[in-house]
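Colleague: I'd like to learn how you read a model like this one. Could you walk me through a few features?

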Amino acid sequence: MRKKKCFSLLLAVTMTISMAACGNGSEDASGSGSGGSSQDTQESQDSQESQDAQDTQTPAAENATYTWNTSASTLPAGWNPHTYQTADDAVYFDYTTDSLYSLFFNDELHPLEGREAFDGYVIVPSMAADFPVDVTEQVKASHPQFNIPESATSGYAWSVKLRDGLKWDDGTPITAQDFVDSLERCLRPELLNYRSSDYNRGTYAVVNAENYALAGNPVFQSFAEAGTTYADFIENGGTDDQVAVDMNGFWGVTGPDSRFNWGYITDDTMVRDPAVEEGQEEDYVSAKYLWDNYLGPDGSYAGTGYDLQFAGTISYPYEADYSFDNVGLFVSGDNELTFVYANALEGFYLMTYGMSTQYLVKSDLYDANLKETESASGSVWSSTYGTSMDTSVSYGPYKMSEFQADKLMHFIKNENWWGWDSDVYTYVDPQDGNTYHMYQTTDVDIQYVKEAATNKQMFLAGQLMSYGLQSEDFDQYRTSDYYYATPAETIYFLLFNGHEKVIKERENAADFDKNTTDLEMQMLESFRRACAVAIDRENFAATVSPQRQGGYAFVGNTYIYDPETCAYYRDTPQAKQALVDFYSIDLNDYNGDLDTAVAAITGYDPETAKDKFQEAYEEGIEKGYITDTDGDGKSDQTITMIYAMSDEVNDFYSKTLEYLNTSLNKAAEGTGLEGKILITPSAPVGNKWSDNLRNGVMDTQMAGWSGATLDPFGMADTWTDANKAYWGNWFDASKYDLTINLDGADITMSVRDWALCLNGEMKTAQDGKEYNFGYGQTSVDNRLNILAAIEKFMLTAYNCVPIMQNGSGSLLSQQVYYVVEEYNPMMKRGGIQYLKYNYNDAEWAEYVASQGGTLQY
């Protein structure tokens, strides 16, 4: 057995996700080069992979099996690559898909200049036969419909040859046309696929994909966006049957046509509001009801601004019969594809994010599982593709062999995957110098296990490959030879509710006691700033979740801004200065040394917290949010925030809530809010926790975002996009101006426009000039300056407070080891691709039995 030689803990690594469910399972990481951003729960991060190392390579026994046994607290109900929404749904793709290009650790077979073996990574053609070829000039001349800029000479169009011998798991060939047909189905306008936007919008959009995906579909535009009002619209010839309410944004429900979030104000079709108990007032609402009672001229919110933000008109700006022939993906030769992009791309970002082809589906099976249903509002399409073994396919290393809903998923080798018979997926072992094929694993078994205690029991019985340590486990196991600390890609924020309209509605409910309880105080910046400095972040992490550490920024430590050199955003002078400025650190106190100054940041200042809580009390009295009827200088009301729970309160959440309540109330001692702050858990709402936060029906969570490790610039879009940010329903980043000095010139535009400009969109600044600061359009220093300025602005907006940097600690089974011990933020420790076994399954069973059925770690 290989014994663990050394242990390196990379503490300088992070990103973003959410603490909506503290998880127990183990998730192994793949070395593919795909990108994206998604919302996730802390639970899935709690149990990241833990790796260990052991001693000699075990020869593969003939016909032996090597099973990666793992668990998950949530198993997917479906895995359609065009419709999945969460990381839980995406687990199927980890084992069954391939990509045009993959990431491998650098070694003798895959050298990287200037780097030690396994210290970096290289891009390797996988389903592609070779690297992409720039054909911008040729395509610009031959395909004018793509509107490649006349001045462009490179970066917009790329051709890729596919590898010979690509097959589906049933042995039928995969062709270039399959990729084109798959993208067409993903974008098909009548299907309204959730993942369509991955390919039709943003920095990596395929040209004209948006025009096709939205062809003939209605688009809601608020009166605010149009720069008009309902009265002006009617005066200029508009009619009520053209006016609609954004029912999701305003009320948190879908429209009467469930495909859309809006409804016409003349439509009295009732829609169920899941946030209201059935039988209670407003358990069902219609667009007409919301208009008549709230947003219309006679509604209670007329003239408040909400009538402009959540009411508007429906238009059809996209050509109804737009042809897919205009979309920038086509077969350009024998087994050859040509990609055309809306923005210029090259290098790493082109081959990872730009050429992500997870939309690949087997068209005949896909079509067989489409169903059209007629409804009062028209045809509604649904799909059962990727919901069972019979409706699923594989084109990766493994294929599904068994699936039982809410019980298990099992995968075996896909013998038709081209990689098994190729020397591409090989590496040179850093210990013995021999060459081995990747993917020694023959089977993958995922069991549904909800409780951490059950995971632990199964792990110690040799039934699981890893166990994500809970806080109570650390004293016993953190010195184990099999313990691994793994930095994670998340900053968790303490969120605040600013949805004034919904907060007032909640306070006006019949069962709400305004004499004892307040929800409005959390909207005050003074209250939020008090909360921000009342929490000792490092102590919080050590108390609640020892594998994590304090969080201080919007962008975590693991974000890489330069994938060629693996350079971290947080290590740049711009990122450091943003934190020094926000936390009011005087560099003179640290001899001008940014590193020392940043290291000194704690974010904890109980005296300032006390002052701010008193300031909030006085402001709350003035605004009428709270009262002091007996004149004792204390609030009559308890400021209450509902913590959105995805599941029942467990040990982690008990500790979290106890720590937060204790810290906030301790800091408020001696103020008008002494003993008057309460964060209390909601009833479990499952995956609706994030919707409830956005819609203002719940108040707080320790939450964030995950994804796009190599694109920290893309996170600025998430923070400022009303459809993505938790605070999108009450904080409009387009209403705030930001001035940044670039190359000696001050440039002013809205925060939202800066974020869009940073991500490749042309925007006009207040000086009347157009700017595009996207990838390759300006210097890297300028892009870092912009991101740091937006990050600092978002910190000062106090929609949330960064509290904790995610991370995990776990044990790895004695049955296996990873070739790579050092953690890499992109490659992790190589995942199942670089996993090796000390025992095959039969040998492992014998070994566990010899230990009495319980293993020691």
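Modeller: Let's begin with burial: a residue counts as buried when its relative accessible area is under 20%. Keep in mind that this is a predicted model. With that cut-off, the buried residues of α25 are V751, R752, W754, A755, L756, C757 and L758.

Colleague: What does that say about helix α25 (residues 751-758) as a whole?

Modeller: Since 7 of its 8 residues are buried, helix α25 is largely enclosed by the rest of the structure.

Colleague: Which residues of α24 and α26 make the contact?

Modeller: From α24 you have P712, F713, A716, W719 and T720, and from α26 R783, L784, L787, I790, E791 and M794. By type, that contact splits into 8 nonpolar, 1 polar and 2 charged residues. As a rule, an α-helix has 3.6 residues a turn, so residues three or four places apart point the same way.

Colleague: Which nonpolar core includes I790?

Modeller: I790 belongs to a second, separate core of 99 residues, which also includes F540, A575 and L742. The largest nonpolar core has 100 residues, and W68 and M409 touch the most other members there.

Colleague: Now a loop residue. Where does K724 sit, and is K724 buried or partly exposed?

Modeller: K724 lies in the loop between α24 (712-720) and β32 (737-742). K724 is partly exposed, at a relative accessible area of 34%. Beyond its neighbours within four places in sequence, K724 contacts R694, W705, D717 and T718. R694 is 30 residues away along the chain, yet the C-alpha atoms of K724 and R694 are 9.2 Å apart.

Colleague: Last one: what is the strand order in the open sheet of 3 strands?

Modeller: The order is β24-β28-β29, with parallel pairing. β24 (517-518) and β29 (677-681) are the edge strands, each having a single partner, so one side of each lacks a neighbour in the sheet. Between β24 and β28 (residues 638-643) there are 2 bridges, and T517 has T638 of β28 as its bridge partner.

Key
Residues are numbered from 1 along each chain as its sequence is written. This is a predicted model: local features need pLDDT of at least 70, side-chain atom pairs count only at pLDDT 80 or more; totals for chains, interfaces and linings use all residues. Side-chain values use heavy atoms; hydrogens and water are left out. Two strands pair if DSSP finds at least two bridges between them. Helices (H or I, at least four residues) and strands (E, at least two) are DSSP runs, numbered from the N terminus. Buried means under 20% relative accessible area, exposed over 50%, partly exposed in between (1.4 Å probe, protein chains only). Contact means heavy atoms within 4.5 Å. Ala, Val, Leu, Ile, Met, Phe, Trp, Tyr, Cys and Pro count as nonpolar, Asp, Glu, Lys and Arg as charged, and the others, Gly among them, as polar. A nonpolar core is a set of buried Ala, Val, Leu, Ile, Met, Phe, Trp, Tyr and Cys residues joined through side-chain atoms within 4.5 Å.
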